[in-house]
Amino acid sequence: MDLIAQQLVNGLSAGVAYALVALGLTLIFGVLHVINFAHGELYMLGGLVTVIACNLLGVPYLVTLVLAPVIMLVVGVGLDKLAIGPLLDRRDGLSDVVLSTFAVSLLLLDLVLAVVGPAPERVEGLSGVLILGPVIISHQRLFVIVLGFILIAGLDAMLRYSRFGIEMRAAAQDRFAAEAVGIDVNAIGTRTIMLGAAIAGIAGALLVPVTQFTPLMGQNVVIKAFVVVVIGGMGSVPGAVLCGVGLGLIEALVNIRFSEGMTTAIIYSLLLVGLLMRPQGLFGRAAR
Amino acid sequence: MLSVEGLCVSYGLLRAVQRLDLTIAAGEVVSLIGANGAGKSSTLKALMGLAPNREGKVSIAGRTISHIAAAQRVRSGLALSPEGRHVFPDMSVAENLLAGAAGASRADADCRTANVFAMFPKLMSRQSQLAGTMSGGEQQMLAIARALMSSPRVLLLDEPTLGLAPIIVDELAELIETLRAGGLAILLAEQNVEFALAVSNRAYVLDAGVLVKSGNSRALASDPAILAAYLGL
Ligand SMILES: Nc1ncnc2c1ncn2[C@@H]1O[C@H](COP(=O)(O)OP(=O)(O)OP(=O)(O)O)[C@@H](O)[C@H]1O
Ligand SMILES: [Mg+2]
């Protein structure tokens, strides 16, 4: 019982990471109808910014939580201008983007591997632990969970109430009508990629003190995020959040009994079953 | 208010619109009629900058807009209520309207929403309903209201009567007259020839992308040769 409670807390923080990464993926898919295969590397770069800033430059950890998303906004613009935007208007643009973002993903991963090396790197986050009876929660893990949910709520409010959110949903629901009413759909696309990159960046910065930094951390998370997006429904925001957190929890519980490899096998079985039973995902259609 | 010279639209080898010239003055309703596939929707999309291959000169209030993107055309006073309504289905009525005020400040948008609600009281009572759950007639009204949210000088209406009950069609005729009397220039693309000729001052008849006749709507309505040859009436 104690073990289960402990694992649920651990699963929750992992789930927050999956949800945040999946949110960016699903928003980009909803607006641009492309799958950004480089999304995991954006998460990894968020972690890398934190490692460099904290460990090499002596920047306080909390400052890197602002630094990482801001830098990732710029990386997002670069990704759009180099690997997404120019390809979209082509005849086979959508499949070209799969290849181009995959290329960017490999490029970034190998670049970081070559420069930093494969060894994991520690970052000091918040210190201290919270003891709740038999369950021990590090302050950093608690911080990940709380800030993660605040970010998700903020993002949801932005999508619902802000002009950008409304224009983004309009572009996702009917691109032609959005253009006809004067929404600059290409600009909305760029800003969606920037937003997705910033969320991935802050997620990386949040999680790195918990998981440690490795160049492969993006790959590990993005594969789960793809599962989340497919099961939650491509383009669905509540789907990404609920399935992301759910996946973190399930994974942590299965981990009690089974090895890591077995856990992964179980998750992919879920993906296959989900795809066969509900190809449109649990939460159906476009971004809302 | 709107003037078009030598408009051409093509899709690959298909030439959907060929060298069309037309003008619309402020406070005038002009209809564009023709059989299925005559090129009416292609014309309207090209005017908005939304048809892929288009040529020709389009100007609004003396300003040439043929080289600018749809978003800028909307800002210079052109608005389209597209064929098939194209409301944003998973957004509320109020959100659909707000989306139609792209580029306006929030205060301006709220002010325009109030004006639109005064014109469409039914939309006001449904403002939090999801647009996709509304009836066809309600969606049509919303599509027109959304187009009006950009405060246009020229309104393009594509098949607004499609699928509407006769009583709603009458309401629509009244609405068009109100908008015209307020100084709007309206281009109405319609299959419903009787309706189009009844509400418009002038009309252009398209056949396979070519302008075959234009003139006073009343005169066209009483020209059986035209009606029979191009419109199958
Ligand atoms: N996206 C497209 N790709 C290829 N051909 C197209 C496309 N859109 C329209 N066409 C063709 O262009 C021609 C004109 O079509 P358009 O939609 O402008 O006609 P319309 O007068 O609006 O017809 P309707 O009354 O049925 O709405 C048709 O032959 C149509 O098949
Ligand atoms: Mg048409």
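Modeller: Ser151(B) is partly exposed because its relative accessible area is 41%, and it sits in the loop between helix 6 (136–148) and strand 7 (154–158) of chain B. Its phi is near 50 degrees, a positive value in a residue other than glycine. Most residues other than glycine have a negative phi. Ala61(B) also has a phi near 50 degrees, positive although the residue is not glycine. Ala61(B) belongs to the loop between strand 4 (53–60) and strand 5 (63–64) of chain B, and with a relative accessible area of 43% it is partly exposed. Please keep in mind throughout that this is a predicted model.

Now to the site itself. Which residues coordinate the magnesium ion (ligand 2)? They are Ser41(B), through OG, and Glu83(B), through OE, at 1.9 to 2.5 Å. The two come from distant parts of the chain, 42 residues apart. Ser41(B) is in helix 1 (residues 40–48) of chain B, while Glu83(B) is in the loop between strand 6 (78–81) and helix 3 (93–99) of chain B. Is Ser41(B) buried or exposed? Its relative accessibility is 14%, so Ser41(B) counts as buried. Glu83(B), at 33% relative accessibility, counts as partly exposed.

Both of these residues also meet ligand 1. An N or O atom in the side chain of Ser41(B) is 2.7 Å from an oxygen atom of ligand 1, and a polar side-chain atom of Glu83(B) lies 2.8 Å from an oxygen atom of that ligand. Gly37(B) takes part through its backbone, with a polar atom 2.8 Å from an oxygen atom of ligand 1. How many residues surround ligand 1? There are 14, and the closest are Asn36(B), Lys40(B), Ser41(B), Ser42(B) and Gln191(B).

Of its 23 lining residues, the closest to the centre are Leu159(A), Arg160(A), Tyr161(A), Arg169(A) and Glu95(B). Helix 5 (139–161), helix 6 (163–173) and helix 10 of chain A each supply at least two lining residues, and so do helix 3 and helix 4 (106–119) of chain B. Helix 5 of chain A has the largest share, six residues. By type, this lining divides into 13 nonpolar, two polar and eight charged residues.

The largest pocket has a volume of about 710 Å³. It is lined by 27 residues, and Ala14(A), Tyr18(A), Thr211(A), Lys224(A) and Glu251(A) are the closest to its centre. The elements giving two or more residues to this lining are helix 1 (2–32), helix 8 (185–211), helix 9 (217–232), helix 10 (237–257) and helix 11 (260–277) of chain A. Helix 1 of chain A gives the most, with seven residues. The lining of the largest pocket consists of 11 nonpolar, 12 polar and four charged residues.

Technical notes
Residues are numbered from 1 along each chain as its sequence is written. Chains are lettered from A and ligands numbered from 1 in the order in which they are written. This is a predicted model: local features need pLDDT of at least 70, side-chain atom pairs count only at pLDDT 80 or more; totals for chains, interfaces and linings use all residues. Side-chain values use heavy atoms; hydrogens and water are left out. Donors are N, O and S atoms within 2.8 Å of the metal (3.2 Å for Na, K and Ca); water is not among the atoms, so sites may look incomplete. Helices (H or I, at least four residues) and strands (E, at least two) are DSSP runs, numbered from the N terminus. Buried means under 20% relative accessible area, exposed over 50%, partly exposed in between (1.4 Å probe, protein chains only). On a 1 Å grid over the protein atoms alone, a cavity is a set of points where a 1.4 Å probe fits but cannot get out, and a pocket is an open set with protein on both sides within 12 Å along at least five of seven lines; lining residues have an atom within 4 Å of a point. Grid points are joined across faces, edges and corners, and a volume is the space filled by probe spheres set on the points. Ala, Val, Leu, Ile, Met, Phe, Trp, Tyr, Cys and Pro count as nonpolar, Asp, Glu, Lys and Arg as charged, and the others, Gly among them, as polar. A residue is near a molecule or strand if one of its heavy atoms lies within 4 Å of it. A polar contact is a pair of N or O atoms within 3.5 Å; within protein, one must be able to donate a hydrogen and the other to accept it, and residues adjacent in sequence count only if both atoms are side-chain atoms.
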